[in-house]
Amino acid sequence: MNKYFRLIRQNLSNIYRFTITTITIVLIMLLFPNTGNFKYEYQKGKPWMHETLIAPFDFSILKTEEELNQNRDSILNRFSPYFKVDTSIYPSVIERFEKNFEKKWSKFEKSSAYKKLNYSQKRSDSEKLLCYNYLKTNLKNYYNIGIADFQNEKLQYNFILPETINKSLNNINEKVLTDKVYSARTAYEDISSNLKSDYSNPVFQSFLQNLNLDSYLTQNLFYDKTMSDQVKNSMLSNVSLTKGKVDFGTRIVLRGDVINDDTFLILESLKKEYENFLGASQNHYLIVGGQALLIISCVVLLFLYLRNFRKQILHDNKKLLFIFLLVLLFVALTTLVLKLQNQNVDVNIYIIPFALITIVVRTLMDSRTALFVFIVTVLITGFLAPNGFEFVFLQLAAGIMAIYSLPRLERRGQLVLTAIITFFTYSVVYFAFAITQEGSIEEIEWFNFVWFAFNGLLLTFSYSLIYIFEKLFGFLSDVTLIELSNQNHPLLRELIQHSPGTFQHCLQVANLAEAAINKIGGNPLLVRTGALYHDIGKMKHPVYFIENQMSNKNPHDDLEFDKSAQIITDHVKYGVKIAKKHKLPQQIIDFIETHHGAGKVMYFYTSFKNKYPDKEIDEEKFQYPGPDPFTKETAVLMMADGIEAASRSLREKTPETIRELIDKIIDKQVKENRFANADITFKNINEIKEIFTNNLINVYHARIEYPKEIKTKTN
């Protein structure tokens, strides 16, 4: 049992990679539709390149989207929206009217104008009843017909007002003409007009105006959105999606025939019917198996690339997980958009910013990996997308241009330029496809250019995504390196304040290392940033390092050699501690840990041996904690650090002495196998020597001695 557990522990990383790969493949398969793929590729305006196609079964011809929209618009133009009568409004209005009428009439009878009419009490009561019934009858008529506020509700619910509406009262619908329905304003205008003709006496006109009849005319007919939407959707759902039929055995297209609009529509109808037929047939499991093989093939291509060109990514579980999640994310987005399209949601697959893959992976890894991950993602989603060839071609063109336009992300403004270039790439390639297929500029779907614009806009959000991925997966982007290498960074300012000599040393090492990496290939920004921080541990005891000693007094003179060595080697451990406290990325901490490797403090080690030749030496006290450099950048930093420090001690700084010093130090490091774990060659080392030599010669070049002025004696 222990043997099996030991075997599992030894292969834990391989088991993890196999697990996340399997899960990714399964999830992508679940996102794929359960339909087969039409076996013929074709494009409008291009010749049919396959054998003569005969209808394999009866199928209906689908209507175009334009025809369906015309059918839907026709239904919507004929549709009468539903308005519901609120029966509670009229009784409350009449109750309020009756109370007010009684009050106002009593006051009216006592007025001097009314008394001048010399009406008897009987006639006065009769006039009161006639006026009351007249007004009440009119009000009831308006409320029976309906008072609506069409303008406000059209704005609120965004519907088209047709010639007729459905008026719903007690669950009974009545179709009425729209222009026969009153508004509060038209009802008041109507009753005012009637009163002027029926009550021409100025005395009664004054009374009626005092009644404020407009306050009794309020909306009682309201738009019933629920019922309207229900009936409207029911009518739209009954729109036929097909027109005509193709019978079994009918010839559809001959080899070499140019595919026109009608043939293209028939082929699209056959394709959809064929794929649905395959998905519902007994061959369902074979289709799923075929999809699985296609997905596995794409994943295998990705693994082959990583195995042959990027082994460090293949063996880094976090980076591998990041790549799979990115692929899975865009497959899921593609599936979601296509499902929304099938539900008649106005969205297009070209809104998905596939070029974002190249930007993110290029920034966090490298351009070649970005291109390969992008290609694999586009190939997988190409199985899902309609017009697969056009989709893949468009995405490849845009993705490649995005990589070319963003060699190194250092400023957010670069993303705007990349977004613009991507938009123009999409637009030009799509325009080329469109005029080839349609043969007419008028037939181009111009709204697709809006989707391309949205696509470009979404690319500008990659800056935020890069930051998120950095934190989640431990990446280190050029943007972060630029921020860290800024001398206003709190930790660098602290180094300048406490150890100015060490900071100057770090600057010189950064210049040397950056020049070397630019020559042999690597990440110059990474090595420069690592160089600036590699000696931050010296801040604990700055005076014990010669570059910070301002006087001739050396504190090491008062210490034993092993104690001095311990202080010197501890600057690595303390540097790591400071870096972690300030949450520096692990890639920068690697430079701190490896810039001396597992070498010895040779000055104090040799001094100890010379002073105590017979004493046994505890070599660990004179040895740096390590490890040795394991990347090209950390190896170059070790060389630059040793050479810059040693060059300060040269008494005579000539090209010969500088070259001799560089050869001596680097050859010693090579002899001690300090670079055994780093991806660096002897050719690289010779190039580095040459770069260091030229740089140091330029730094220490002889200056011209200015002549002194000879003073002449004056009489």
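Is tryptophan 451 buried or exposed? I looked this up in a predicted model. Tryptophan 451 has 9% relative accessibility, so I log this residue as buried, the cut-off being under 20%.

**Entry: the ring partner**

I then checked phenylalanine 447, which pairs with tryptophan 451 edge-to-face. Their centres lie 5.6 Å apart, with 80° between the planes. Phenylalanine 447 is partly exposed, with a relative accessible area of 48%.

**Entry: other aromatic pairs**

I searched the whole structure and got 48 aromatic pairs. One of them joins tyrosine 114 and tyrosine 119, again listed as edge-to-face. Here I noted 5.8 Å centre to centre and 85° between the planes. Tyrosine 114 is buried at 5% relative accessibility. Tyrosine 119 is partly exposed at 22%. Both tyrosines belong to a cluster linked by ring pairs. Among its other members I noted Phe97, Trp105, Tyr132 and Tyr216.

**Entry: charges over rings**

I found the charged end of arginine 368 over the ring of phenylalanine 309, 5.3 Å from the ring centre. The charged end of lysine 615 sits over the ring of tyrosine 612, at 5.2 Å from its centre.

**Entry: the second largest pocket**

I looked up the second largest pocket and got about 1700 Å³ of space. It is lined by 44 residues, and those closest to its centre are Met602, Tyr603, Gly642, Ala645 and Ala646. Helices 25, 27, 28 and 29 each give two or more residues to the lining. Which helix gives the largest share? I noted helix 29, with seven residues. By class, I logged 17 nonpolar, 14 polar and 13 charged residues in the lining.

Notes:
Residues are numbered from 1 along each chain as its sequence is written. This is a predicted model: local features need pLDDT of at least 70, side-chain atom pairs count only at pLDDT 80 or more; totals for chains, interfaces and linings use all residues. Side-chain values use heavy atoms; hydrogens and water are left out. On a 1 Å grid over the protein atoms alone, a cavity is a set of points where a 1.4 Å probe fits but cannot get out, and a pocket is an open set with protein on both sides within 12 Å along at least five of seven lines; lining residues have an atom within 4 Å of a point. Grid points are joined across faces, edges and corners, and a volume is the space filled by probe spheres set on the points. Helices (H or I, at least four residues) and strands (E, at least two) are DSSP runs, numbered from the N terminus. Ala, Val, Leu, Ile, Met, Phe, Trp, Tyr, Cys and Pro count as nonpolar, Asp, Glu, Lys and Arg as charged, and the others, Gly among them, as polar. Rings of Phe, Tyr and Trp (its six-membered ring) pair if their centres lie within 6.5 Å; planes under 30 degrees apart count as stacked, over 60 as edge-to-face and the rest as tilted. Buried means under 20% relative accessible area, exposed over 50%, partly exposed in between (1.4 Å probe, protein chains only). A charge sits over a ring if NZ of Lys or CZ of Arg is within 6 Å of the ring centre and within 35 degrees of the ring normal.
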